[in-house]
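Please provide a briefing on the structure shown below, with its main features grouped by topic.

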Amino acid sequence: MSQFRALAGVLRGGRAGGSQWLRACGGAPVRRWVDPRRGCSSGAAPVLSTVAGSSSYMEEMYIAWLEDHKNVHESWDAFFSNIHASSPPGEAGERRPSALLEGRVLSHSANMTQKVVEDHLAVHTLIRAYQIRGHHVAQLDPLGILDADLDHFVPSDLITTIDKLGFYGLDESDLDRSFQLPSTTFIGGEDTTLPLREIIRRLEASYCGHIGIEFMFINNVDQCQWIRQKFETPGILKFTKLEKRTLLARLIRSTRFEDFLARKWSSEKRFGLEGCEVLIPALKSMIDTSSSAGIDSVIMGMPHRGRLNVLANVIRKELDQIFCQFDPKLEASDEGSGDVKYHLGMYHERINRETDKNITLSLMANPSHLEAVDPVVQGKAKAEQFYRGDTQGKKVMSILIHGDAAFAGQGVVYETFHLSELPSYTTHGTIHVVVNNQIGFTTDPRMARSSPYPTDVARVVNAPIFHVNADDPEAVMYVCRVAAEWRATFNKDVVIDLVCYRRFGHNEMDEPMFTQPLMYKQIRRQEHVLKKYSDRLIADGVVTLQEYEEEVAKYDKICEEAYASSKDEKILQIRHWLDSPWPDFFTAEGEPKSMSSVPTGLKEEVLQHIGQTASSVPLDDFQIHPGLSRILRGRADLVKNRQMDWALGEYMAFGSLLKDGIHVRLSGQDVERGTFSHRHHVLHDQEVDKRICVPMNHLWADQAPYTVCNSSLSEYGVLGFELGFAMASPNALILWEAQFGDFNNTAQCIIDQFISPGQAKWVRNNGIVLLLPHGMEGMGPEHSSARPERFLQMSNDDPDHFPEFSGDFEVQQLYDCNWIVVNCSTPANYCHVLRRQILLPFRKPLIIFTPKSLLRHPDARSSFEDLAEGTTFKRLIPDVGPASQNPSQVKRVIFCAGKVYYELARERKQQKLEKEIAIIRLEQISPFPFDLVRTEAEKYGNAELVWCQEEHKNMGYYDYTRPRLLTVTANRRPVWYVGRDPAAAPATGNKFTHFNELKRFMDTAFNLNAFTGKDL
Ligand SMILES: Cc1ncc(C[n+]2csc(CCOP(=O)(O)OP(=O)(O)O)c2C)c(N)n1
Ligand SMILES: [Mg+2]
């Protein structure tokens, strides 16, 4: 920015005062001064239209001016002085204002008008140019190598050299002219006018120093004014001596922590913070400000870089607990991957020293997958707000920390931003901090993004973006304070772009000179920020050298002592690294309080009551659509007959849990009505716009709340969010429904990294439920399969091991598994499994493949009897027809899951094979009900065993069930496959082919000779 330095000299050299100009304001009495920032509707400054149209007003002003020049606004003073100066001697003193004004004044003003207006507009435009584009030339890179916006281009309307004044029709001679400041700037402080020289100097200081602000895209005037006031007001960026000392102490901790780790474990990766040590005081500063604004719980998510430092110095995890993680011999006492250092989370309650208030800080466990934790943090924060009744986010907030490359590159960042303003997903403002070390592993930002800044994604939600040079700790602190105040004031997202560098390689073992030689030559020369800042404070007399050295020694001692005690640590308790403990749900040791089955049936009156509410409109004068009336009448008929379809089964589950005080939240695309128009949990008044009714919330006076919300069209973001929501409390049923099951794969990262292995990696239970519409119904490759094979492949039960059936096998198996995979064939069983999910003494993710055509299938109904008291979830539904009466005569047993059962049952009936063929439904596929399958296999001891599925052979359930069926029979009986042939696409796009395939495998299923003489 050398052009600025040159310019600064010119700007400093000018005179004060200068020529005057007119400001366009409406006619108000003389001496009624206005605050120029409030607008100019009643100002006392000269007005061109008034000059032309109201000589009496001007006369009044003129007389007042003659009495005393101070009686009028300074611009009127300038105006009349000019006229006097150019009047023939004697004339001006005649005190004949009308004559004077009508003649000389008006002709004079005509000459002045043009120039005055132009200059006035020019200065306004200039101010605006700085507000919009000043950040492009701000001095953000501590290394001074790269422009933070990746562009050397200097906007032509910024006055980086004197000749640029020409852009506005101004020149050097205008620098000392004073200009009235518009209402949209605060650079004047108490002054309403400033010389142009000073205007430019102050704009440069506000917008082109170590802070670059992007905010002018925000389409809310109050918010823009608020930001302008925070950054433009002269002298606003000042810190007290105490604040500077606190900042220095925090910087010492941050820096010396990394130094300590580097000294003790020189060959260990730690993803150090060197080059961005200021992150620690930055986070602490925003937490301080938020705490004083009333926040008492902060939920954070962050990647690898600086994580240990954040744990140590922000969350305040005991140092010995951190240091012992570097001991390779330390063994975990409980389950968990043991990967504490970079991935496990933490939860800590403490007193905020600055505010003396209690604060809970949690850092969420996260996978390596960058940014994946973002929506999870948001969901957890939303849940905490929800359960605490913090409807405005005044108590609980989230902070997300990002890397520059990941923030720009990962789509989930965008998906998360798009949740930020949605009523059922907003956390009322998140502070995002980007550790912008201007590199991603080995990739230069010019190869890593197409946007000028890594933060541009935040512009979509009108979040202000504060870029700041991380080597200026005070600028960083100021920005953090403003960001926290912004969040407290507007409850909207805000981004801090900490432009820094990475002192070493991606990790400490990497050689950065291989790929970034010039950058790293500069980095080697770069003085450490702690050295620069401490030198400055010592020079300014804020601290003495001795005090500084004592502070360093004090922290080093703390580290040494913790290191010594870390050696006593013999075992690692992963349980101590939980980000979301559920203290009352488990025993003190973190174990389930019981390990027995739970009855999930319901009382008749509960079923009746829920059924009636589900068939009615609980609000008066509420006009629903006639089509919906028909649907509700249909429901009422079912209830009268003590029957239920899928939608009613779901109602029974949700409603009964709500009755017991369990919050139920169903989220996903179009879930309110249901993709297949079967659910209708939100009724819309046909006459009154936006009037809605959620009957589920009208069940009982003291019931828990029911949340049902259509989500944004995102799977990764929304599933992550719901997973986070489900972490907050075990006493809630949180469900995410995919529009079609296929779409779960755009949330694959959440499934693979969190849901399937979450407990194994992070000893954390989670009871999230995934509803995945699934079924081969001729709808083509993209709307058929929820890919059960993928979920089953990740199930952790051993296919080759026949378990022992001791204790409560059902519960023990559920306790041991990583998740539960079911495909319920009846509404009652669907209801049971949802209720079991909450009544279990622990939490496991539940994957449910849900039906489409079965939603309305007359055979796929349940009786109230199937949900009566004493009934439970059926992991397997045996055959209860003629085959079961005479099992030894049965020739074939077909095991199946889901909708194909109904096709098989119909075909069997048509072919009159009900005595010869038994059909058994596996409702809980994983963990595999070895006990029940064995009973069935033994019962039909003379029968062939068949696995039948409608999915292609390399998909569906076969690869999972086959080895387990073989294990059940100790490999003594073959298991035959019936179903579609292997294929690449999950389904054909051709209806005819679809039915042909169905017919072919149905023929095989009921051809009792199909496998005769065949070898497996
Ligand atoms: C989704 C994902 N893709 C790739 C990686 C591999 N990876 C780990 S760190 C890293 C670079 C990250 O750069 P940046 O976000 O700028 O963070 P920094 O390491 O510079 O702090 C990459 C590509 C990953 N962890 N996650
Ligand atoms: Mg980076």
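**Briefing on the predicted model**

Lys 912, which follows helix 31, has a positive phi, near 55°. This is a predicted model, in which local features need pLDDT of at least 70, side-chain atom pairs count only at pLDDT 80 or more, and totals for chains, interfaces and linings use all residues. Residues are numbered from 1 along each chain as its sequence is written, chains are lettered from A and ligands numbered from 1 in the order in which they are written, and side-chain values use heavy atoms, with hydrogens and water left out. Helices (H or I, at least four residues) and strands (E, at least two) are DSSP runs numbered from the N terminus.

**Helix 31 and the neighbouring strands**

- Helix 31 spans residues 900–910, and its buried residues are Val 900, Tyr 901, Tyr 902, Glu 903, Leu 904, Glu 907 and Arg 908; buried means under 20% relative accessible area, exposed over 50%, and partly exposed in between (1.4 Å probe, protein chains only).
- These buried residues pack against strand 24 (892–896), strand 25 (917–922), strand 27 and helix 34 (991–1005), where contact means heavy atoms within 4.5 Å.
- Strand 27 (residues 944–952) runs parallel to strand 28 and is joined to it by 5 bridges; two strands pair if DSSP finds at least two bridges between them.
- His 952 has Arg 980 in strand 28 as its bridge partner.
- With helix 33 (residues 958–968) between them in the listing, strand 27 and strand 28 make a right-handed β-α-β unit; a crossover is right-handed if, with the strands pointing away from the viewer, the path from the first strand over the helix to the second runs clockwise.
- In strand 28 (residues 975–980), 6 of the 6 residues are buried, so this strand is largely enclosed by the rest of the structure.

**Magnesium site**

- Asp 404 (OD), Asn 437 (OD1) and Ile 439 (O) coordinate the magnesium ion (ligand 2) at 2.0 Å; donors are N, O and S atoms within 2.8 Å of the metal (3.2 Å for Na, K and Ca), and sites may look incomplete because water is not among the atoms.
- Asp 404 belongs to helix 14 (residues 404–409) and Ile 439 to the loop between strand 9 (430–436) and helix 16 (445–448), so the pair ties together parts that are 35 residues apart in sequence.
- Asp 404 and Ile 439 are both buried.

- Strand 4 (residues 297–301) and strand 8 (residues 396–403) run parallel and are joined by 5 bridges, and Val 298 has Met 397 in strand 8 as its bridge partner.

**Nonpolar cores**

- The largest nonpolar core has 176 residues, and Phe 323, Ile 399, Ile 431, Ile 755 and Leu 770 have the most contacts inside it; such a core is a set of buried Ala, Val, Leu, Ile, Met, Phe, Trp, Tyr and Cys residues joined through side-chain atoms within 4.5 Å.
- Helix 17 (residues 473–490) contributes the largest share of this core, 10 residues.
- Another core, of 56 residues, lies apart from it and includes Val 639, Cys 817, Cys 824 and Ile 838.

**Thr 455**

- Thr 455 lies in the loop between helix 16 and strand 10 (465–469) and is buried, with a relative accessible area of 0%.
- Thr 455 and Val 495 are 40 residues apart in sequence and 7.5 Å apart in space, C-alpha to C-alpha.
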